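Please examine the sequence and the three-dimensional structure shown below.

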Amino acid sequence: MHGGGSGENAAKGAGGSPSGGSGGSGAVVAPGFSPSGSPSGGPAAAAAGSPSSVVGANHSLAIRQEIQRFESVHPSIYAIYDLIELIPDPLLAQQVREHVVCIEDSFVNSQEWTLSRGVPDLRLGIVGSLSSGKSALVHRYLTGSYMQEESPEGGRFKKEIVVDGQSFLLLIRDEGGPPEAQFTSWVDAVIFVFSLENEASFNAVYNYYAKMSQLRRDMRDVPVILVGTQDAIAEGRPRVVDDSRARKLAAELRPRCAYYETCATYGLNVERVFQDGTRFHWN
Ligand SMILES: Nc1nc2c(ncn2[C@@H]2O[C@H](COP(=O)(O)OP(=O)(O)O)[C@@H](O)[C@H]2O)c(=O)[nH]1
Ligand SMILES: [Mg+2]
């Protein structure tokens, strides 16, 4: 059940302390982000550059304004969810909640409708079974910090990335459940996430991929990345998926499919995963 979850999750995200960003986790701006790993100068440098860079700078303004819009509405949505908790009649509360969820999904979180088509965007989907570490991964990328709370509902996030002086709006969709048709048709690239400590989450990746292939004819052309998340690899939670099995799965998904182990607590490979997830647009 959706139940206001994406808002809740985004609220948790916004609670972090973004590194080098301009706001909450839904809207972190990262000037200088570059898929090649070398800082590209950021919007200020872009404005002073070639004509094509100036176009990028214009998009940057539109993107920042969109991120601001996105951020400014969320507090009101969270406030409404809190107020709904106070409605004594459970049926009425549920009806109001469903309407708010609908508004949130189709307008507040909308990633397509509110921005001019001319602004280049990148739609990155994150999918994997419950508790595979998707939200912790996304949160780490957006804020540079580790989020302790479980967040089963997923969420949608926006971030400006600048590549060679060009601004792009990166749309991240952390999917709360299995990949459905709308998610599958929406994505430009997919990060499949499983937990290295959970066999079922590893098996889910192949099943999710197979499901997406049934739903989308050109699924083979969609770039994918495989991510195995590490927890503390502590006693009582041993690693159950070894490197060779993970690499074998990656190879089954795609020839030369990138595979990374990540750790949200100390940030291992997190930046690289997202750089790879967006790199395909420029290659
Ligand atoms: N110690 C540690 N815990 C993690 C890490 N990544 C995820 N977790 C924990 O694993 C649980 C599930 O993570 P979450 O991101 O909510 O999974 P999701 O359901 O796929 O979004 C949460 O309790 C997280 O705090 C990590 O890198 N280190
Ligand atoms: Mg989650």
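The expected span of a helix is 1.5 Å times one less than its number of residues. The structure to which this rule is applied here is a predicted model. Helix α7 covers residues 199-215, 17 residues that should therefore span 24 Å, and its end C-alpha atoms lie 25 Å apart, in agreement with that expectation.

Which residues of α7 are buried? They are Ser201, Phe202, Ala204, Val205, Tyr208, Tyr209 and Met212. The packing partners of these buried residues are the strands β2 (121-127), β5 (189-195) and β6 (224-229), together with the helices α6 (181-186) and α8 (243-253).

Attention now turns to the ligand. Around ligand 1 there are 19 residues, of which Gly133, Lys134, Ser135, Ala136 and Ala264 come nearest. The greatest contribution to this shell is made by helix α5 (residues 134-143), which supplies 3 residues.

Val96 is located in helix α4, which runs over residues 90-108. Is Val96 buried, partly exposed or exposed? A residue counts as buried if 20 or more other C-beta atoms lie within 10 Å of its own, and as exposed if 12 or fewer do. Val96 has 16 such atoms within 10 Å and is therefore partly exposed. When residues up to four places away in sequence are not counted, Val96 touches Ile84 and Ile87. Ile84 stands 12 residues from Val96 along the chain, and the C-alpha atoms of the two are separated by 7.3 Å.

Key:
Residues are numbered from 1 along each chain as its sequence is written. Chains are lettered from A and ligands numbered from 1 in the order in which they are written. This is a predicted model: local features need pLDDT of at least 70, side-chain atom pairs count only at pLDDT 80 or more; totals for chains, interfaces and linings use all residues. A residue is near a molecule or strand if its C-beta atom, placed from the backbone, lies within 6 Å of it. Helices (H or I, at least four residues) and strands (E, at least two) are DSSP runs, numbered from the N terminus. Two residues are in contact if their C-beta atoms, placed from the backbone, lie within 7 Å.
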